[in-house]
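Please keep the model open while reading.

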Amino acid sequence: MKEFFDFLSRGKFRIPICNNCDSKIWPPSNTCKNCYSKKIRMSKLDPRGRLIEYSESFIDKNKNLGLVEISGIRIIAIINEGNMNHGNLVKLTRCGLDNNNSPYYEFSCA
């Protein structure tokens with residue numbers, strides 16, 4: 001989904017929403033999984049979410065990772081700051097594409 005990656009490359013998090021049935025399409029796709037429509041718009045979401053689960057990674061650099069629910073979708077993200085507890089409120093602080101063109105999302109505990 002080119003538009004999704006174009007927004008991420010500029011540090012903006014947008015997800016596809018179906019123009020036909022208003023379903024969020026996650027993971028991003030050019031076709032709605034609900035009604036199979038190809039009429040899609042990119043939409044900005046509320047940057048606040050909730051920490052569902054978390055862990056610490058020791059691969060490469062020491063990072064805190066978390067499963068975050070944001071506007072009804074779930075993503076794996078880096079958790080940069082704050083007390084990590086299940087259910088804590090978090091806020092998207094940064095997103096983009098890394099050196100391998102892989103998406104990344106960073107949150108801080110609110």
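Contact here means heavy atoms within 4.5 Å. This is a predicted model, in which local features need pLDDT of at least 70 and side-chain atom pairs count only at pLDDT 80 or more, while totals for chains, interfaces and linings use all residues. Residues are numbered from 1 along each chain as its sequence is written, and side-chain values use heavy atoms, with hydrogens and water left out.

Start at arginine 14, in strand 1 (residues 14-18); strands are DSSP runs of E, at least two residues long, numbered from the N terminus. Beyond its neighbours within four places in sequence, arginine 14 is in contact with Phe4, Phe7, Met42, Ser43 and Lys44. Arginine 14 is buried but has no salt bridge, and the nearest side chain of opposite charge, glutamate 3, is 9.6 Å away. Buried means under 20% relative accessible area, exposed over 50%, and partly exposed in between (1.4 Å probe, protein chains only). Lys and Arg count as positive and Asp and Glu as negative, with His and the chain ends not counted. A salt bridge needs a side-chain nitrogen of Lys or Arg within 4 Å of a carboxyl oxygen of Asp or Glu.

By this rule there are 5 salt bridges. One of them joins aspartate 22 to arginine 41, with the closest N and O atoms 3.1 Å apart. Aspartate 22 sits in the loop between strand 1 and strand 2 (40-44) and arginine 41 in strand 2, so the pair ties together parts that are 19 residues apart in sequence. Aspartate 22 is exposed, at 51% relative accessible area, and arginine 41 is partly exposed, at 33%.

Definitions and conventions
Helices (H or I, at least four residues) and strands (E, at least two) are DSSP runs, numbered from the N terminus.
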